[in-house]
Amino acid sequence: MSGESCLHQPHPQAGPIVSVSSVPCPKTKTYGYRGAVGNKYVRLNVGGDLYYSTVQVLTRQDTLLKLMFSGKMEVFTDKEGWILIDRCGKHFGLILNYLRDGSLTLPKSRQGIMELLAEAKYYHIQGLVDLCQHAVQDNKQKALCVIPVITSPKEEERLIQGCTRPVVKLLYNRGNNKYSYTSNSDDNLLKNIELFEKLSLSYNGRVLFIKDVIGDEICCWSFYGQGRKLAEVCCTSIVYATEKKQTKVEFPEARIYEETLNALLYETLPVPDNFLLEAIRRHAHCCSHSEDDEAVELRDRVRRIHIKRYSTYDDRPLGH
């Protein structure tokens, strides 16, 4: 084992944890640290978690740890000789890595960064404090959801072919209509747009959502997986009134959720077989439920897949 490696495990028989600033209890010893020099091991009990490091690492920067292990501050040990530090040990391994290397890969979640920032401030590690604060500031300025708007067919092809995630595109262009709209068409067009925005907020980390406002249709959804088109849901049709034609915009919510579910299957390799996809489609089309009931059922299925997939990743939310 390297002299700068660490051991992280629960302490099976650790004595009571005593703060440096508190009065030591009878089961601990206090003294100015003179135990080891250079690359000799130091045994640390940080909030019940055990670590090995060296005096050389612990005194490398001007920090609270340097004061503790250069004899300028009293330290406490338990009956087995583990030096006690009354702090949470969750991120102490990251603290040691930063002291060794001068750099660090920060936790992915904002909460993890904030926890590490609190520890860096306690140990007076200014470089790590600055690193965490910059990361927190960058996260504040980063957009939560970015939706590209297509400006040309070539740009659309480039986005779809270059994306490793499934792609959902909504084309809407009210100006493409040659006739008057039916009474519910405007409301249904807005419902399609609202559903697109809702899905993009929920799945933006897993699916690329793009808008198309220059296409030839009035309202049309397209679904892509691994660079190829999987399905299309056109929401417009021409109906015949008493003396004139009218354009009707529909809101096929259940079908949209169904195709979104199919697209999510393309997140992982290998490509899902056609039998599975057709079974899902047949279930939706042959179901005797109403459109609203079917939409709710498919929406719940999409949500269950979302939760199941994310529960296997670190630092990702388990729900919406």
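Biologist: Is Lys-229 buried, partly exposed or exposed?

Modeller: In this predicted model, Lys-229 has a relative accessible area of 42%, so the residue is partly exposed.

Biologist: Which residue does Lys-229 form a salt bridge with?

Modeller: The partner is Glu-232, and the closest N and O atoms of the two residues are 2.6 Å apart. Glu-232 has 41% relative accessibility and therefore also counts as partly exposed.

Biologist: How many salt bridges does a search of the whole structure find?

Modeller: The search finds ten salt bridges. One of them joins the side chains of Arg-206 and Glu-267, at 2.6 Å from N to O.

Biologist: Where do Arg-206 and Glu-267 lie?

Modeller: Arg-206 is in the loop between α7 (185-203) and β9, while Glu-267 is in the loop between α8 (253-264) and α9 (274-286). The pair therefore ties together parts that are 61 residues apart in sequence.

Biologist: Is Arg-206 buried or exposed?

Modeller: Arg-206 counts as buried, because its relative accessibility is 4%. Buried here means under 20% relative accessible area. Glu-267, with a relative accessible area of 25%, is partly exposed.

Biologist: Turning to helix α8, which residues there lie four residues apart?

Modeller: Glu-259 and Arg-255 both lie in α8 with that spacing, which is about one turn of the helix. Their side chains meet in a salt bridge of 3.1 Å, N to O.

Biologist: Why does Glu-259 count as buried?

Modeller: Glu-259 counts as buried because its relative accessibility is 2%. Arg-255 has a value of 28% and so counts as partly exposed.

Biologist: Why can such side chains pair at all?

Modeller: Side chains of opposite charge can pair when their charged atoms come close.

Biologist: Which residues are linked in a network of salt bridges?

Modeller: Glu-156, Lys-169 and Asp-212 are linked in such a network.

Biologist: A change of topic: which residues make the nonpolar surface patch?

Modeller: Val-149, Val-213 and Ile-214 make a nonpolar surface patch of about 220 Å².

Biologist: Where is Ile-214 placed?

Modeller: Ile-214 is in the loop between β9 (208-212) and β10 (219-225).

Biologist: What is the relative accessibility of Ile-214?

Modeller: The value for Ile-214 is 44%, so this residue counts as partly exposed. Residues of a patch need over 30% relative accessible area, and Ile-214 has 44%.

Definitions and conventions
Residues are numbered from 1 along each chain as its sequence is written. This is a predicted model: local features need pLDDT of at least 70, side-chain atom pairs count only at pLDDT 80 or more; totals for chains, interfaces and linings use all residues. Side-chain values use heavy atoms; hydrogens and water are left out. Patches are made of residues with over 30% relative accessible area and no salt bridge: like charges are joined within 9 Å, nonpolar side chains (Val, Leu, Ile, Met, Phe, Trp, Tyr) within 5 Å. Accessible areas come from the Shrake-Rupley method with a 1.4 Å probe; for residues, only the protein chains shown count as cover. A salt bridge is a side-chain nitrogen of Lys or Arg within 4 Å of a carboxyl oxygen of Asp or Glu. Helices (H or I, at least four residues) and strands (E, at least two) are DSSP runs, numbered from the N terminus. Buried means under 20% relative accessible area, exposed over 50%, partly exposed in between (1.4 Å probe, protein chains only).
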